[in-house]
Amino acid sequence: MGGATKLAFAVFLISCSSGAILGRSETQQCAYYNSSWEKERTNRSGIEPCQGEKDKRRHCFATWKNTSGTVEIFKQGCWLDDINCHDNNECVEKKESPDIFFCCCDGNMCNEKFFFAPETQPQSDQHHSTAYTTSNPFPQKPPLFSTLLYSLVPIIGLAAVVLFSFWMWRHHKLAYPAALVPTHDPGPSPPSPLFGHKPLQLIEVKARGRFGCVWKAQMINEYVAVKIFPIQDKLSWQNEYEIYSVSGMKHENILHFIGVEKRNNNLDLELWLITAYHDKGSLTDYLKANVVSWNELCLIAQTAARGLSYLHEDIPGHRDGHKPSIAHRDIKSKNVLLKSNLTACIADFGLALKFEAGKSAGDTHGQVGTRRYMAPEVLEGAINFQRDSFLRIDMYAFGLVLWELAARCTAADGPVDEYMLPFEEEIGQHPSLEDMQEVVVHKKLRPCLRDCWQKHTGLTMLCETIEDCWDHEAEARLSAGCVEERIGQMQRQAPLIGPEEIVTVVTMVTNVDLPPKESSL
């Protein structure tokens with residue numbers, strides 16, 4: 001038994017070494033096929049060169065269906081580094097009777113041919129036979145040495161295999177494709193191995209939040225974001241899916257929705273929401289690591305306000321049908337994502353509420369959202385449950401987001417502070433509800449607007465807009481559309497440099513001496 005263990009461990013080490021060598025291969029090609037390509041009659045060569053990180057192995061894959069002996073190919077192409085594909089020279093599906101067949105393999109064009117060969121021999125039998133066919137070629141050792149050898153080596157080997165397997169599971173968790181969920185019922189259902197005929201592979205966790213975690217994933221040749229909800233948060237998943245499904249929810253400043261899935265069954269059920277992926281992440285993450293220029297501030301603020309304005313707007317004659325007014329109810333910098341060109345889009349609709357004419361807003365609770373961004377009326381529990389009240393709550397929170405941008409802007413004549421959350425200077429990083437009530441409701445305090453901001457024309461106008469957004473009286477707050485217009489005016493009217501610098505530049509360029517100041521004699 002010990003000899004078999006050592007032999008298995010040696011094979012394991014050899015496979016790891018060969019995997020490292022294969023992972024450095026610079027050239028890899030796979031047979032390419034797309035069932036939709038043939039219908040669209042686009043001109044493709046049928047061979048796909050695989051791209052990826054240099055330290056990652058590349059594989060090929062194929063997905064197909066067998067209906068009464070008739071094989072229908074869905075996809076063939078490149079596949080990312082996956083432990084399940086290592087050292088497979090042939091593309092073979094080994095599951096007993098899958099609805100959709102899937103296989104992956106190592107080597108150029110190895111997916112050109114694919115096979116179905118289910119594993120029928122039980123795992124225990126394989127281990128049994130290996131143990132009996134392996135012999136010990138070494139001479140007999142002393143009893144104590146043999147006891148220690150045969151006791152410790154299997155334990156160390158098993159521990160190494162377990163640790164390696166856990167590491168691979170965490171870093172290469174493979175998600176077989178599943179079908180879009182056409183119903184609002186998040187009850188258990190077996191996953192289907194296709195997501196629009198596109199295999200979906202999780203890569204790494206990018207964020208963790210109140211309702212689960214967000215993964216960066218790859219779907220064929222594009223990255224997507226996968227937000228995974230545990231079963232206990234099914235209502236948030238369902239609400240977000242329903243909001244994304246509302247007519248007219250496609251807008252450049254609202255996060256692009258792709259689909260939803262259900263994985264596993266019963267208590268292990270996971271609810272997935274797939275959206276576009278933006279590498280710069282949230283506004284919170286970006287401001288922690290970067291400062292912004294005046295033009296960048298205006299771009300981020302204006303596009304975020306445009307997305308919020310569209311969300312709030314009721315559009316009866318929208319081309320996709322009636323687009324109702326929607327309150328976000330959890331506006332914060334963490335729910336504003338930045339695209340590669342620094343335009344913003346609004347995300348996370350787990351708490352959102354839609355308002356349709358003649359219909360009740362449904363069962364809701366007034367005190368929701370992130371405590372730090374709660375408006376005074378929310379903290380007091382004194383909300384008027386009407387559409388405009390909820391929209392004004394969003395605008396209070398948006399004023400705090402604008403303050404975060406201003407605090408990291410380089411336009412002011414002064415040092416830029418380290419990134420801080422709203423009210424972090426006043427009550428720290430983990431305020432209680434009572435802390436927020438004391439500061440916001442009773443003392444009517446707001447985050448500090450720095451004196452140096454008043455020296456820049458644009459920041460002065462932005463401070464006025466921020467104060468009009470977080471006004472203690474909800475009825476006095478600006479709408480998102482008004483904020484968008486104001487920021488546009490700020491950018492047009494505010495100089496990129498201060499008035500003193502302009503005088504200096506003009507003097508240097510024209511070489512004209514300024515008149516001397518009058519002196520008092």
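**The disulfides at a glance**

Cys85 and Cys104 form a disulfide, with their sulfur atoms 2.1 Å apart. That's one of five disulfides in this structure, which is a predicted model. Counting bonded cysteines along the chain, the pairing runs 1-3, 2-4, 5-8, 6-7, 9-10.

**Cys85 and Cys104**
- Cys85 sits in the loop between strand E5 (70-79) and strand E6 (91-93), while Cys104 is in strand E7 (residues 101-105), so this pair ties together parts 19 residues apart in sequence.
- The torsion about the S-S bond is about -95 degrees, so this one is left-handed.
- Both ends, Cys85 and Cys104, are buried.

**Cys30 and Cys60**
- Here the disulfide joins Cys30 to Cys60, with an S to S distance of 1.9 Å.
- It links distant parts of the chain: Cys30 belongs to strand E1 (residues 29-31) and Cys60 to strand E4 (residues 59-67), 30 residues apart.
- This link is left-handed too, with -80 degrees about the S-S bond.
- Cys30 and Cys60 are both buried.

**Cys105 and Cys110**
- The sulfur atoms of Cys105 and Cys110 are 2.1 Å apart and form a disulfide.
- Its torsion about the S-S bond is about 90 degrees, so this disulfide is right-handed.
- Cys105 counts as buried because its relative accessibility is 0%, and Cys110 counts as buried at 11%.

**Other cysteines**
- What about Cys409: how far is its sulfur from the closest cysteine sulfur? The closest one is in Cys298, 7.8 Å away, which is too far for a bond.
- Cys409 has 3% relative accessibility, so it counts as buried.
- Cys345 counts as buried as well, at 0% relative accessibility.

Definitions and conventions
Residues numbered from 1 in each chain as written. Predicted model: local features only at pLDDT ≥ 70, side-chain atom pairs only at ≥ 80, totals over all residues. Heavy atoms only, no water. Disulfide = S-S within 2.5 Å. Helix = DSSP H or I, 4+ residues; strand = E, 2+ residues; numbered from the N terminus. Buried < 20%, exposed > 50% of the residue type's maximum accessible area, 1.4 Å probe, protein only.
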